[in-house]
Amino acid sequence: MRPARPALLALVLLALIGTAAGVTFALRTPAAPATASASAPTPPKPAPVPVAQATPPPTEVKDGHPPRGVYAGAEACGECHEDEHSEWSKGWHSRALSPATSKFVVGDYRKNTHFKGDSSEAWMRRDGEHHFMRTKGADGQLAEFPVQWVVGGKRMQDPVTVLADGRWQVLPVYYHVTGKSEWVDYSETKQGALTPDHPFFWANFRRSAQHACLDCHVTGLDARHDRATHTWTTRFTDAGVACESCHGPGARHADTQDPKDIVQPSKLSSELGFAVCAQCHGPRRPLFPILDGAHRFQPGQKYEDFYQPIVLFVGNERSGDYFTDGRPSTSSFEYQALIQSQCHLQGGATCLTCHTAPHEPHAPNELNLPEKTAAKISVGSATCQQCHADLFAAGTKHTQHTGRAAQDCLACHMPPVVSGVLDKFADHALDVPAPGNTTRHAIPNACNTCHTKQTPEAMDQALTKLWPDSAKRQERRVRLADAFDDKTADTSRPALEAVLADSKEAASLRGVAAKVLGRRYKKEAVPALRAALKGTQDSVLRADVIDALGAVGGKEATEDLAALLQDGSTWVRQSAALTLASFGDTRGTAAVEALASRPETSGLVQPHIMLGQLAVRRKDLPTAIREFERALDLQPYNADALVRLADLYVVQGQVEKGKEQLEDALRFDPQSRAAKQRLSMLKQGR
């Protein structure tokens, strides 16, 4: 027997009011299923056009030259900088994204080339300049998809197809160039068997290049989504990491040829120069949504004004890309690793300490070319000499090894323990070996990468014998692992509080400690969190601590938070405002309203969502709908916001409109339990 419509609406309203009572929900960006079959007509290749054509023009200047913020394109740069352009075009930054032509495709597309994994299967073929992959689509049926773009090609190359709705989707099988030169399904390796409703199934939104790739693999991105038609448009100035990715938009400089109209990373401060590389060399959470071209990071700006590095957690979920001591275990997290190294914390090392620009003379992997390299060390190790000349002079007295390989700094301090598909890469956390963490926390150590037949316990004993102070040097990594590992959660409080209180520790790891402490110890964590908040000026750490206080309902910190509503960091102001508003503090509500209304911050998503939640508490449904709609205009792929908006429409009697939001939520997150449950209720109530 079907429940009557009033009973259904009452159930939905109760669910809505119940879920709206807490703090703002996490802004996840899950998956969306393909909306068109493979047999649909293939759209023309999106034309690389200057991003300025697709975004509001920058403020005009009176001197007749192009305004700042307008892109010129790499070809324009090459007209004056011919040598640099030529060297750049030979490197892999220029190949971050390429059209799928024979010039750039490195994969094996011979007739009937076949790959079969546990849950994926694909056949590749080539027809002249056109490449194709036959595999299961969103409907679970085999279909052939044209490969229109390829990502990379140095170590692996990912094929990309453009679906009829404009989404660029990374196909399920990658070509692994190094090693055996073979096809692999990296997502299946990491996620397990993938069915079409899994977020990481290739046709779903989590595998969309607009969501996960293009921000770093093209220059001058302008990606847009039309909520009414469920279609995407994608434009950019250059495919690949071109000149203006590192030097900033250059149309004005191309016209004036004035040095002040372009950015030279090597002439920036250490912090700002570091940010140029950091913008892409490590996954990050953007302050503004990915579709907001007006608030996109530009070289010369502060990293923390736009991003927070993802460390150990992705939203509320623990990441599988980290060892339990907080070191990245997966490649492409170089920034997250380096900022927790003592080379950075004490020595101020950045990417440019060891690496060059891609258009300058360099050793492999853009490493600096040293003037003189000792016979027993690598080029990479030679970069260490600029800071550690005394250790080089000590030779075997420092290394305590006679073998040639052990004279290389990288062997002990940057061991190849970081995974990348089928390759292993150097650990950029640059720390000392800690075999005890291998035994206790299953974290690989440098010693056992060479001494493969020895146990970690034997390596620990050998370290103590060769370096009597090794235990002291290892204390930091042991403390971090004891703090973060779920295996030691029951005894982790002293380690967590010590990490959080340590002003010499990396702010990113202290922020993780704040989150974990709050999760495990709830209100008991509040004193330590308040002390950390008062004891730091670091905006990333402050934002993490504030979020932890909000998660545990730490109203004792209300006045501490109110003092930060005028902080110089937008991250901090937003976190403080949202948390205070969730506590019911009117000062927080006023601050959220200001963030949502001021031109420079109106593009932030979370203030609009919080205002929608607060309106629901007041039963002001028109205001709640307006704010959720605004949030979704900014971030249309937020499945949680779509579900809440659906609830509001249903409560107002607009059931069909509510169903549309729920169906849209499932486009972006096919595993959304809330969307599925509500759709089922609506179908039963008709």
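## Basis of the description

The model is predicted, and local features need pLDDT of at least 70, side-chain atom pairs count only at pLDDT 80 or more, and totals for chains, interfaces and linings use all residues. Residues are numbered from 1 along each chain as its sequence is written, and side-chain values use heavy atoms, with hydrogens and water left out.

Helices (H or I, at least four residues) and strands (E, at least two) are DSSP runs, numbered from the N terminus. Two strands pair if DSSP finds at least two bridges between them. Strand E2 (residues 113–116) pairs with strand E3 (residues 121–127) in the antiparallel sense over four bridges, and a hairpin of four residues joins E2 to E3. Within this pairing, His114 has Trp123 of E3 as its bridge partner.

Strand E3 is also joined by five bridges to strand E4 (residues 130–136), and these two run antiparallel. Trp123 has Arg134 of E4 as its bridge partner, while Arg126 stands opposite His131 in E4. The hairpin formed by E3 and E4 has two residues between the strands, and Gly128 in this turn has a positive phi of about 65°. Strand E4 is in turn joined to strand E5 (residues 142–147) by six bridges, again in an antiparallel arrangement, and His131 is partnered there by Val147. Five residues lie between E4 and E5 in their hairpin, where Gly140 has a positive phi of about 85°. In a regular strand the side chains alternate between the two faces of the sheet.

## Helix H24 and its surroundings

Helix H24 (residues 539–551) has 13 residues and reaches 18 Å from its first C-alpha to its last, which is close to the expected 18 Å, a span defined as 1.5 Å times one less than the number of residues. Buried means under 20% relative accessible area, exposed means over 50%, and partly exposed lies in between (1.4 Å probe, protein chains only). Because 11 of the 13 residues of H24 are buried, the helix is largely enclosed by the rest of the structure. Among these buried residues are Val540, Leu541, Arg542, Asp544 and Ile546.

The buried residues of H24 pack against strand E16 (307–309) and several helices, including H21 (493–501), H22 (507–521) and H26 (570–582). At the start of the helix, a side-chain oxygen of Asp538 reaches to within 3.0 Å of the backbone nitrogen of Val540. Such a polar contact is a pair of N or O atoms within 3.5 Å; within protein, one must be able to donate a hydrogen and the other to accept it, and residues adjacent in sequence count only if both atoms are side-chain atoms. After H24 comes Gly553, whose phi is positive, near 65°.

Gln169 lies in strand E8 (residues 168–170) and is buried, with a relative accessible area of 0%. The side chain of Gln169 reaches the backbone oxygen of Asn204 at 2.9 Å. Contact means heavy atoms within 4.5 Å, and, not counting residues up to four places away in sequence, Gln169 touches residues including Pro159, Leu163, Trp202 and Arg207.

Lys302 is placed in the loop between strand E15 (284–286) and E16, and Lys302 is partly exposed, with a relative accessible area of 39%. Not counting residues up to four places away in sequence, Lys302 touches Glu271, Leu272 and Phe297. Thr488, by comparison, is found in the loop between helix H20 (470–484) and H21 and counts as buried at 10% relative accessibility. Leaving aside neighbours within four places in sequence, Thr488 is in contact with Arg440, His441, Ala481 and Asp482.

## Cavities

On a 1 Å grid over the protein atoms alone, a cavity is a set of points where a 1.4 Å probe fits but cannot get out, and lining residues have an atom within 4 Å of a point. Grid points are joined across faces, edges and corners, and a volume is the space filled by probe spheres set on the points. The structure holds six cavities of 30 Å³ or more, and about 150 Å³ of space lies in the largest cavity. Of the 17 residues that line the largest cavity, Arg327, Val432, Pro433, Ala434 and Pro444 are the closest to its centre. Helix H16 (409–413) and helix H17 (435–441) each supply at least two residues of this lining.

Note on methods
1 Å grid on protein atoms, 1.4 Å probe; cavity = no way out; pocket = protein on both sides within 12 Å on 5 of 7 lines; lining within 4 Å.
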